[in-house]
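Hi,

Here is the structure I promised to pass on. Have a look, and my notes follow below.

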Amino acid sequence: MAKKLEFIAIAATGTDIVDLEACKERGIVVSNIRNYAIDTVPEHTFALMLALRRSITAYHQAVQKGRWIQSEQFCFFDYPIKNLSGATLGIIGDGVLGKRVAELAKAFGMKVLFASYKGVHNMGPLYTEFDQVIQESDIITIHCPLLKSTKDMISEREFNMMKKEALLINTARGGIVNEADLYNAITKGTIAGAAFDVAVNEPPGKDELIMKLTSLSNFILTPHISWASIEAIQTLADMLIDNINAYLAGNPVNIVIK
């Protein structure tokens, strides 16, 4: 680490790319960007959710292969189509993104369960026990940071507890879900499908398991772009400049470590 380094302005909300303990020991101020993705990430989450729930990718690929032309009728029903209304959505992560997802879910008529932290019990009436959320949810969506306590939080144990028709959405961070166990759960039919915007390695290698899943119609992978609406990028850039200017003016804001 540079000896004269005084300030790190992270151009994102997540801080897992910075050694915060080392910064604290050296008196390096760290700031991040907050709340810029409050619309774009939840909207992307629901785009993935709807695509899986209504088998959009599967139907699109079938049309590309000529299935509609061959059907000789106005439609065909090769893949399941389910409403969001009436489904149970389990949300892992109770920050601004998780809460915004909950608002949208309720507008769709979904039942919302906020998961308690894994291994933590009796968090209060707003939370449902982690294992219960895993077991009861039709769709599970992740909106928590990658920490030591959340690494591999969803693995073989959790997949085996999920409904067979469950869907898993991850627009948070790679590493929260064990990718080898995800691969097994999808290919063995333990769950119905998944959609990810993140991976452990970004970009992933062509032979990594998460890339092998992309050939399947019940798995969607987008290249970590849930945050990247035009509006959100502008907000991020403005806030990053404000963070730097505030530090230079002697009044740092959005401080993670001081």
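I call it a contact when heavy atoms lie within 4.5 Å. Leaving aside residues up to four places away in sequence, Leu 168 touches Ile 140, Ile 142, Ile 154, Phe 159, Val 177, Ile 191, Gly 193, Ala 194, Ala 195 and Phe 196.

Before you read on: this is a predicted model, where local features need pLDDT of at least 70, side-chain atom pairs count only at pLDDT 80 or more, and totals for chains, interfaces and linings use all residues. Residues are numbered from 1 along each chain as its sequence is written, and side-chain values use heavy atoms, with hydrogens and water left out.

Leu 168 is also among the residues with the most contacts inside the largest nonpolar core, which has 29 residues. (Such a core is a set of buried Ala, Val, Leu, Ile, Met, Phe, Trp, Tyr and Cys residues joined through side-chain atoms within 4.5 Å; buried is under 20% relative accessible area, exposed over 50%, partly exposed in between, with a 1.4 Å probe and protein chains only.) A second, separate core of 20 residues includes Leu 48 and Val 112.

Then the charges. There are 10 salt bridges, meaning a side-chain nitrogen of Lys or Arg within 4 Å of a carboxyl oxygen of Asp or Glu. Glu 158 pairs with Arg 157 at 2.6 Å, N to O. Glu 158 is buried, because its relative accessible area is 0%, while Arg 157 counts as partly exposed at 40%.

Cheers
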